[in-house]
Amino acid sequence: MGRTQEERRAETRSRLVDAAAALFAEHGIDAVSVDAVADAAGRTSGAVYDHFGSKQGLLLALLDDWSHSLLTVIAAEFEVSATVEDRLRAVAANVITHPTDQTRRLLLLERELSLRAARHPEVAALLRARSREAHDWLTRGFSSWIDQGLIGSEVPAQRLATIFSAVVVGLEMRQRLDPASASADDVAAALGVVLGLAPLGQAPPAQTTASPAVASARTAGS
C-alpha cells in the first residue's frame with residue numbers, strides 16, 4: 001500500500017529539518033541558502049517554502065523539533081556510567097576531548113543557534129525554553145546526588161547546574177581551538193572540582209574547601 005499524502009509531507013518535513021541542522025552546524029546559518037537545504041534533503045526549494053514559509057521559518061521549526069542539546073548529551077553520558085567519577089570521565093571524553101562527529105555537529109549547531117538568538121528575539125525565546133527544560137533535568141540530578149551524599153557541594157543544585165554547564169561549554173570551546181590543551185582526565189578533574197569532589201583518584205580531604213567557582217557562586221547568592 002502506498003503512503004498517504006500526509007505521510008509523504010511528514011517525511012519531507014523531517015528530511016528538510018535534518019538537512020538544515022547538519023548544514024547550519026557545518027557552515028553557519030547565514031552561509032546556508034534555502035536551495036542548499038533543499039538539495040541536501042533531496043527536495044526542491046519550493047518544498048522549503050511550502051512547509052516553512054521562509055528560511056527563518058525553517059530555523060524556528062528546527063528549534064521546535066530539535067530535542068537534542070548539550071545537556072541531553074550530558075544526560076546520555078550520565079546514563080551509561082555508575083559512579084559520579086565515571087560519569088565525569090564520560091562527559092570529558094565523549095563531549096569535550098573526543099566527541100563523535102554527531103556530537104561535534106550538535107555542539108556546533110548549539111553555538112550557531114546561540115549566536116542567532118542574540119539578534120532574533122523569537123529564536124532566543126525558543127532556545128531559552130528548551131535550555132530551561134534541560135537545565136531543570138540537570139538540577140534534579142545534582143539535587144539527588146547531594147541528597148545521596150555523592151557530592152558535597154554547598155551551592156544549591158540549580159546554581160550548580162548553571163556553573164557545571166557553563167564550564168562544560170567553556171572547556172569544549174577551548175578544546176576545539178586547542179585540542180592539546182587538556183586530556184580527558186584533566187577535564188574530568190576540573191568538572192569534579194566544580195562539584196566539590198576531591199581530585200580524581202585521590203581520597204577526599206577531611207574538610208572540603210569549596211572551589212573558586214563554587215565559592216563565588218555562594219557569595220553571589222548570599
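**Basis.** The model is predicted, so I required pLDDT of at least 70 for local features and 80 or more for side-chain atom pairs, while totals for chains, interfaces and linings use all residues. Residues are numbered from 1 along each chain as its sequence is written, and side-chain values use heavy atoms, with hydrogens and water left out.

Buried here means under 20% relative accessible area, with a 1.4 Å probe and protein chains only. This core holds 62 residues, and Phe142, Phe164, Val168 and Leu195 have the most contacts inside it. Helix α1 (residues 5-27) gives the largest share, eight residues. Helices are DSSP runs of H or I, at least four residues, numbered from the N terminus.

**Phe142.** I set aside neighbours within four places in sequence and found Phe142 in contact with Ile151, Ala157, Leu160, Ala161, Phe164 and Leu195. Contact means heavy atoms within 4.5 Å.

**Helix α3.** I found Ala47, Val48, His51 and Phe52 to be the buried residues of α3 (residues 45-52). They line one face of the helix, because they fall within an arc of 105° seen down its axis; the arc is that of the directions from the axis to the C-beta atoms. These residues pack against α1, α2 (34-41) and α4 (55-65). Just after α3, Gly53 takes a positive phi of about 85°.

**Thr139.** I located Thr139 in helix α8 (residues 121-147). Thr139 is buried, at 16% relative accessible area. Beyond neighbours within four places in sequence, Thr139 is in contact with Ala157, Gln158 and Ala161.

Key: Core = buried A, V, L, I, M, F, W, Y, C linked by side-chain atoms within 4.5 Å. Buried < 20%, exposed > 50% of the residue type's maximum accessible area, 1.4 Å probe, protein only. Helix = DSSP H or I, 4+ residues; strand = E, 2+ residues; numbered from the N terminus.
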